[in-house]
Amino acid sequence: KDPLTGVHFKTITIDSMEWSAENIYRSMQGEECYENKKMHCENHGRLYGENAREACPADWRLPRRSDWVTLFGWFGLNGSFLRSKSDWLRDFRENNDVGFTIYPAGYLDNGYKGFGKVTGWWSYDDENRLYAILFDGEKFSHDYAIEKKKFYIRCVRKRPVN
C-alpha cells in the first residue's frame with residue numbers, strides 16, 4: 001500500500017528484490033494518462049517526466065541497471081515470462097506471465113506512441129544517470145535520449161533476508 005495515496009499495488013519478489021508488479025499510479029505534478037484518458041491510468045499507470053525519481057512510495061526506488069540484470073538473470077531476455085497475456089497487437093504464441101505483467105502501454109515523445117507495441121520505464125544506470133528501459137514484447141533495450149519524454153514507473157525495494 002502506498003502510504004501517501006492509500007493505493008494498493010501488486011508486488012512480486014525476485015531474488016531478494018521486491019518489484020511493483022504493475023506500473024505506479026501516483027498522481028503528481030507533470031504526470032499524465034496516455035492520450036489523457038483516465039482509463040489508461042487505471043489500467044496501465046501514469047506517464048512521468050524526469051521528476052520520476054519522486055514517484056516511488058517511501059522505502060521504494062526506481063530500479064537500477066543491476067536490478068534489471070537480476071530480473072533478466074531469472075527469466076532471461078525472453079519476454080514471454082514477463083509480458084501480459086493481453087493487449088499486444090502482435091500475436092505472440094507464448095505468454096507465460098509470472099506476475100510481472102508488462103502491458104504494451106506506449107510512452108510519450110512529442111505525442112503518444114507505441115500503444116499495443118511497446119512500453120518503457122524510468123531507471124538508473126551504473127553512474128546513477130536517469131534513462132529509459134524499453135520493451136517491445138520480445139526484447140529489452142534502453143534509451144538515453146529522454147529529454148521531454150514520459151515513461152512509466154516500476155519501483156523496487158530490497159527485502160530483508162530471513
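**Close-up views of a predicted model**

View 1. Helix α2 (residues 65-75) lies across β1, β2 and β8 and runs at about 95° to β2. Contact here means heavy atoms within 4.5 Å, and angles run from 0 to 180 degrees between the N-to-C directions of axes fitted to C-alpha atoms, for helices over the stretch in contact. Helices (H or I, at least four residues) and strands (E, at least two) are DSSP runs, numbered from the N terminus. This is a predicted model, in which local features need pLDDT of at least 70, side-chain atom pairs count only at pLDDT 80 or more, and totals for chains, interfaces and linings use all residues. Residues are numbered from 1 along each chain as its sequence is written, and side-chain values use heavy atoms, without hydrogens and water.

**View 2. Now to the sheet itself.** Its 3 strands are ordered β1-β2-β8, with antiparallel pairing, and the sheet is open. Because β1 (11-14) and β8 (156-158) each have a single partner strand, they stand at the edges, with one side of each left without a neighbour in the sheet. Neighbouring strands are turned by 25° against each other on average, direction ignored.

**View 3. A closer look at β2 and β8.** Strand β2 (residues 17-20) is joined to β8 by 3 bridges, and the two run antiparallel; a pair needs at least two bridges found by DSSP. Within this pairing, W19 stands opposite V156 in β8.

**View 4. Stepping back to the protein.** Here you can find 2 helices and 8 strands, arranged from the N terminus on as β-β-α-α-β-β-β-β-β-β. Along its principal axes, the C-alpha trace spans about 45 × 40 × 30 Å.
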